[in-house]
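I opened the model to look up a few things and wrote down what I found. The entries follow in the order in which I made them.

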Amino acid sequence: MAVVAATPRAPSDRRRRTWVPAALVTSPALLWYAAFMVAPLVSMFVLSLFEWNSLLATPRYGGLANFERLLDDPLIRTAAKNSLVYVGVSLVLMIPLAFLLGYFLSRKPPGYRVLSVIFFTPGIVSVSARAMMFIGMYQPEGIINKVLEFTGLDGLTRIWLADGQTALWAVIGVELWAGIGFTGVIFASALTAVPEEVYEAARIDGAPTWTIIWRIAYPMTRDFVGLMTMLQFLWLLLGSAQNILLLTKGGPGSSSMTLAYYLYDQAFVSTRLGYSQAIGVLLFVVGFAGMLAIRRAFRTRER
């Protein structure tokens, strides 16, 4: 009896057999992503090319006029500078402090479960409730000024949200209060995956706690720290509008105006819808460049 050898399948056939079922299974998610993520993003780029000054008006194609206006708008420069301060200061303070807090919680000190809930809670408090809490604290007769007066530091008291020198910093304080604990608890969950034997070996070698944190715990979770840094960067860059809307409305003057709030102002207050989408394109470019820079920074440290 003759034996017929089986013809091996071509690599393209094998890839097709695995690709088609995967595409069918993921198609609902892909359609959802295309409809609610890709389509609005594309529409933002398209609308940025139109003059559209009211929801009731008919959009009129204007080419790059909105982007030319961006270059001549002094508020854009102020908002860009404030955004840089807002994001830069918040990230520089939030990520290291949150990592230290996460390491502390990962060592499971007495009551760490209760502490985790306490630290996590500010991150899930609604933005409006958070704003009301800090408006009370920042009032001329609020707790911050009262503490300064009680400690003899009357000269440092301010009308924090109505002073051009402190308004932006006051909003940054709200962001740090909400973000450090929230991010720290997330870091703690990643740090618990570090094998205990690694810490024990470092202690046997006489390594101090500071060295263990930054020379052992951090390098072993660096990818996760990079991911959280990127997520917080996007949140700070794009989400600053809500805190500023509730606390300062970009004032006094434009001292706390950020790009995200300026986009909101142009879209919903001034109803310059086309121009607001041009600001959105600028935010997209800044966000994308920032993500690449953060990713590159964490990759560089790995080498």
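This is a predicted model: local features need pLDDT of at least 70, side-chain atom pairs count only at pLDDT 80 or more; totals for chains, interfaces and linings use all residues.

Entry 1, charges. I counted 25 positive and 17 negative side chains in the protein. Lys and Arg count as positive and Asp and Glu as negative, while His and the chain ends are not counted. The centres of the two sets lie 10 Å apart. For this, the place of a charge is taken as NZ of Lys, CZ of Arg, CG of Asp or CD of Glu.

Residues are numbered from 1 along each chain as its sequence is written, and side-chain values use heavy atoms, with hydrogens and water left out.

Side chains of opposite charge can pair when their charged atoms come close. I used the rule that a side-chain nitrogen of Lys or Arg lies within 4 Å of a carboxyl oxygen of Asp or Glu. By this rule I got five salt bridges. One of them joins Arg 158 and Asp 163, at 3.8 Å from N to O.

I then checked the cover of this pair (buried means under 20% relative accessible area, exposed over 50%, partly exposed in between, with a 1.4 Å probe and protein chains only). Arg 158 is partly exposed at 29%, and Asp 163 is partly exposed at 21%.

Which residues are linked in a network of salt bridges? I found Arg 107, Glu 196, Glu 200 and Arg 203. Arg 203 bridges to Glu 196, with the closest N and O atoms 3.6 Å apart. Arg 203 also meets Glu 200 in a salt bridge, at 3.4 Å from N to O. Arg 203 and Glu 200 sit three residues apart in helix α8 (residues 196–204), about one turn of the helix. Relative accessibility is 34% for Glu 196, 39% for Glu 200 and 36% for Arg 203. Glu 196 is partly exposed, Glu 200 is partly exposed, and Arg 203 is partly exposed.

Is Ala 98 buried or exposed? Ala 98 is buried, with a relative accessible area of 0%. Ala 98 belongs to helix α3 (residues 74–106). Contact means heavy atoms within 4.5 Å. Apart from neighbours within four places in sequence, Ala 98 touches Ile 180, Thr 183, Gly 184 and Phe 187.

I listed twelve helices and two strands. Helices (H or I, at least four residues) and strands (E, at least two) are DSSP runs, numbered from the N terminus. The protein is more spread out than a compact globule, because its radius of gyration is 25 Å, well over the 19 Å that the globule rule gives for 303 residues. The radius is taken over C-alpha atoms, and the rule is 2.2 Å times the number of residues to the power 0.38. The C-alpha trace spans about 105 × 70 × 35 Å along its principal axes. Buried residues make up 36% of the 303.
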